[in-house]
Each structure stands twice: as structure tokens, then as C-alpha cells.
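Here are my notes for you, written as a quick tour. Have the sequence and the 3D view open while you read.

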Amino acid sequence: MAVRGPSMSPTVRDGDVLVAAFDAPVRPGDVVLVRWAARPEQLSVKRAVRAVGDGWEVLGDNPYGSTDSRTLGPARVLAVVRFRLWPWPGRLPDRPRLLS
């Protein structure tokens with residue numbers, strides 16, 4: 001998938017191409033592909049914080065440029081991002097400070 005927007009900067013940037021595993025188990029701290037009940041046509045890449053009910057609380061790594069669970073409520077996780085394919089191939093860094 002290709003990323004659009006600044007919500008996950010600096011971990012993931014606009015234009016990055018990511019590879020994700022669908023139906024993978026989700027852990028707090030994972031970067032995930034989600035869908036919102038309030039915006040079913042929109043897919044977003046966010047950081048999983050905690051399971052809540054039938055969904056997940058997710059946040060963007062950029063608190064000043066992210067629409068996330070603070071606004072839209074819990075999200076349904078579709079896939080777990082495994083790594084960046086382009087422009088700098090490799091695993092994504094952790095952001096544990098969001099989990100406090």
C-alpha cells in the first residue's frame with residue numbers, strides 16, 4: 001500500500017510503500033492498516049495502542065497531523081504492517097512512548 005499524508009511521520013512518510021500481513025495477530029505498538037466505522041470508505045495507517053471492544057484504539061505518530069481514535073473512535077484492524085518496501089526498505093522502528 002502507498003501512504004498519503006503526515007499522520008505517521010516520522011515513522012512512515014507520505015509516499016512510502018508498505019507491505020502488510022492481513023489477518024495477522026495485532027499487538028500494542030504495531031503499525032496497522034485500519035478502517036473506521038465513521039468513515040467506511042477510508043483506509044488509514046496508524047499505531048495500535050490497545051484493544052477496545054471489537055476494535056482497536058489507534059493513534060498517529062504525529063499528534064499534530066493525525067485524525068485517529070481521539071476523533072473517530074475505535075478502528076477495525078485489517079492488516080499489520082511488516083516493513084517498508086520503498087524508498088528505504090526495511091522494518092519500521094518502534095514507538096513505545098505512545099503506549100503509556
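1. Ground rules. You are looking at a predicted model, where local features need pLDDT of at least 70, side-chain atom pairs count only at pLDDT 80 or more, and totals for chains, interfaces and linings use all residues. Residues are numbered from 1 along each chain as its sequence is written, and side-chain values use heavy atoms, with hydrogens and water left out.

2. Start with strand 5. A strand here is a DSSP run of E with at least two residues, numbered from the N terminus, and two strands pair if DSSP finds at least two bridges between them. Strand 5 covers residues 75–86 and pairs with strand 1 (residues 17–22) in the antiparallel sense, over 6 bridges. To find that pairing on screen, look for Val19, whose bridge partner in strand 5 is Phe83.

3. Strand 5 also meets strand 2. Strand 2 (residues 31–36) pairs with strand 5 in the antiparallel sense, this time over 5 bridges. Two pairs to click on are Val32 with Val80 of strand 5 and Arg35 with Arg76 of strand 5.

4. What else does strand 2 run antiparallel to? That would be strand 3, joined to strand 2 by 5 bridges. A hairpin of 6 residues links the two strands, and Leu33 has Val45 of strand 3 as its bridge partner. Strand 2 is mostly covered, with 5 of its 6 residues buried; buried means under 20% relative accessible area, exposed means over 50%, and partly exposed lies in between (1.4 Å probe, protein chains only).

5. Stay on Val45 for a moment. Val45 sits in strand 3, residues 43–52, and counts as buried because its relative accessibility is 11%. Leaving out residues up to four places away in sequence, Val45 touches Met1, Val3, Ser7, Met8, Leu18, Val31, Val32 and Leu33, where contact means heavy atoms within 4.5 Å. From C-alpha to C-alpha, Val45 and Gly60 are 7.8 Å apart in space, and they are 15 residues apart in sequence.

6. Which residues make up the largest nonpolar core? There are 11 of them: Val3, Met8, Val12, Leu18, Val31, Leu33, Val45, Leu78, Ala79, Val81 and Leu92. Strand 2 and strand 5 each supply at least two residues of this core, and the largest share, 3 residues, comes from strand 5. By nonpolar core I mean a set of buried Ala, Val, Leu, Ile, Met, Phe, Trp, Tyr and Cys residues joined through side-chain atoms within 4.5 Å.

7. A second, separate core has 10 residues, among them Trp36, Ala48, Trp56 and Ala75.

8. Now for the outside. Asp54 is in the loop between strand 3 and strand 4 (55–59), and counts as exposed because its relative accessible area is 86%. Elsewhere, Leu85 of strand 5 is partly exposed, since its relative accessible area is 46%.

9. Salt bridges. Count a side-chain nitrogen of Lys or Arg within 4 Å of a carboxyl oxygen of Asp or Glu, and the total comes to 5 salt bridges. One of them joins Arg27 and Asp30 at 3.7 Å, N to O.

10. Arg50 and Glu57 meet in a salt bridge at 2.4 Å, N to O; Arg50 is partly exposed at 37%, and Glu57 counts as partly exposed at 22%. Asp68 forms a salt bridge with Arg70, with the closest N and O atoms 2.7 Å apart, and Asp68 counts as buried because its relative accessibility is 0%.

How values were computed
Helices (H or I, at least four residues) and strands (E, at least two) are DSSP runs, numbered from the N terminus.
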